[in-house]
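Good morning, and thank you for coming.

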Amino acid sequence: MTSPTVFEATVDTRAEARRSFLLVFSCTLIGAAAQILVKQGTTQLGAHITLGQVALHPGLFVSFCLGVITNLKLFIGYVCYGVNTLLMALALKGRELSRLYPIIALTYVWVTFLSIFLLPDEHLNFFRAIGIAFIVGGVSILGVKK
Amino acid sequence: MKTPLSSIILVLVGSFIGSFGAVFLKLGAEHMKGSLARLFTNYWLAVGVVLYLLSSVFYMMGVSQGQLTVLYPMVSLGYIWAILWARIFFKEAFTIAKIGGLTLIIVGVALINLGNA
């Protein structure tokens, strides 16, 4: 096996690190948009099912799935998920995931903002804002090596 | 309108099932070598994908009612399972950062539930 010179390795690593950063950042935006579409789509389905009802009537599960695969917003949302997963796999291929956790955590911020602006009956209050900050902080440090 | 507990439970069930999906995808990735055709006979990956789809059905049932500003953050509790399974199945150590991170996540989720009034 040949090893690259130090110079090559440095240049490569920096360019690649920037590329993964941008890719993962885009993923968080696409992912958040997908969440909004999925929420709108499931609201259109209007199925108010609880876990207990599913356990008692498994048919509800099947009919819900049929509703899901015939809803346009859910379809687009799932295409976004798919694109997201591919981009993420590209960004993370053979690379250190831990440094990207703080960026991935941003998804919680985007989903909150997009919900408030695009969905009916959503609002932010003090507890929710602080809660999101805690979650973003928590997810961000998960990848630290100690 | 307050987000119903039944929706929160469905989202949590979804993220629990999804955490097993991640385990199988990782097992699949470890068995991955050779051609693209092998990708389709990689049963670990297939099980992982099925579990992800199943988890997303529960997630969708959950978010069909209630507020996304309350329900989406609940997904972050999935990290508890992810870290636990990483310890059990892949012998990945618990670190101070993981324990600290999970603590912050749990406090954050508790605060959001407090704000769900």
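Let me begin with confidence. This is a predicted model. Its scores are ipTM 0.91 and pTM 0.88. For chain B the average pLDDT is 90, and 97% of the residues score at least 70.

Next, chain A. This chain has seven helices and zero strands, so that, read from the N terminus, its elements follow the order α-α-α-α-α-α-α. Of its 146 residues, 29% are buried.

I turn now to the place where the chains meet. Chain A brings 40 residues to this contact, and chain B brings 34 residues. On the side of chain A that touches chain B, the elements giving two or more residues are α1 (6-45), α3 (58-69), α6 (106-118) and α7 (126-141) of chain A. Which of them gives the most? It is α7(A), with twelve residues. By class, this side of chain A comprises 23 nonpolar, eleven polar and six charged residues.

Let us take A:I135 as an example. Leaving aside residues up to four places away in sequence, A:I135 touches A:Y108 from chain A, together with B:P73, B:S76, B:I105, B:G108 and B:V109 from chain B.

Within chain B, please consider a pair of helices. Helix α1 (residues 5-30) and helix α4 (residues 78-90) of chain B pack with their axes 9 Å apart, at an angle of about 35°. The crossing of α1(B) and α4(B) is right-handed. On the α1(B) side, the contact is made by B:S15, B:F16, B:G18, B:S19, B:A22, B:V23 and B:K26. Facing them from α4(B) are B:G78, B:W81, B:A82, B:W85, B:F89 and B:F90. Sorted by class, this contact has eight nonpolar, four polar and one charged residues.

Is B:L102 buried or exposed? It counts as buried because it has 22 C-beta neighbours inside 10 Å, and 20 or more are required. Apart from residues up to four places away in sequence, B:L102 touches A:G138, B:Y79, B:I80 and B:I83. B:I83 is 19 residues from B:L102 along the chain, and their C-alpha atoms are separated by 9.0 Å.

Finally, two loop residues. A:D121 is found in the loop between α6 and α7 of chain A. A:D121 is not a glycine, yet its phi is positive, at about 60°. This residue is exposed because 12 other C-beta atoms lie within 10 Å, and the limit for exposed is 12 or fewer. In chain B, the loop between α4 and α5 contains B:K91. Here too the residue is not a glycine, and B:K91 has a positive phi of about 55°. With 7 C-beta neighbours inside 10 Å, B:K91 counts as exposed.

Thank you for your attention.

Methods
Residues are numbered from 1 along each chain as its sequence is written. Chains are lettered from A and ligands numbered from 1 in the order in which they are written. This is a predicted model: local features need pLDDT of at least 70, side-chain atom pairs count only at pLDDT 80 or more; totals for chains, interfaces and linings use all residues. Two residues are in contact if their C-beta atoms, placed from the backbone, lie within 7 Å. Helices (H or I, at least four residues) and strands (E, at least two) are DSSP runs, numbered from the N terminus. Ala, Val, Leu, Ile, Met, Phe, Trp, Tyr, Cys and Pro count as nonpolar, Asp, Glu, Lys and Arg as charged, and the others, Gly among them, as polar. Axes are lines fitted to C-alpha atoms, for helices over the stretch in contact, and angles run from 0 to 180 degrees between N-to-C directions. A crossing is left-handed if the near helix is turned anticlockwise from the far one by less than a right angle, and right-handed if clockwise. pLDDT is the predictor's confidence in each residue, from 0 to 100.
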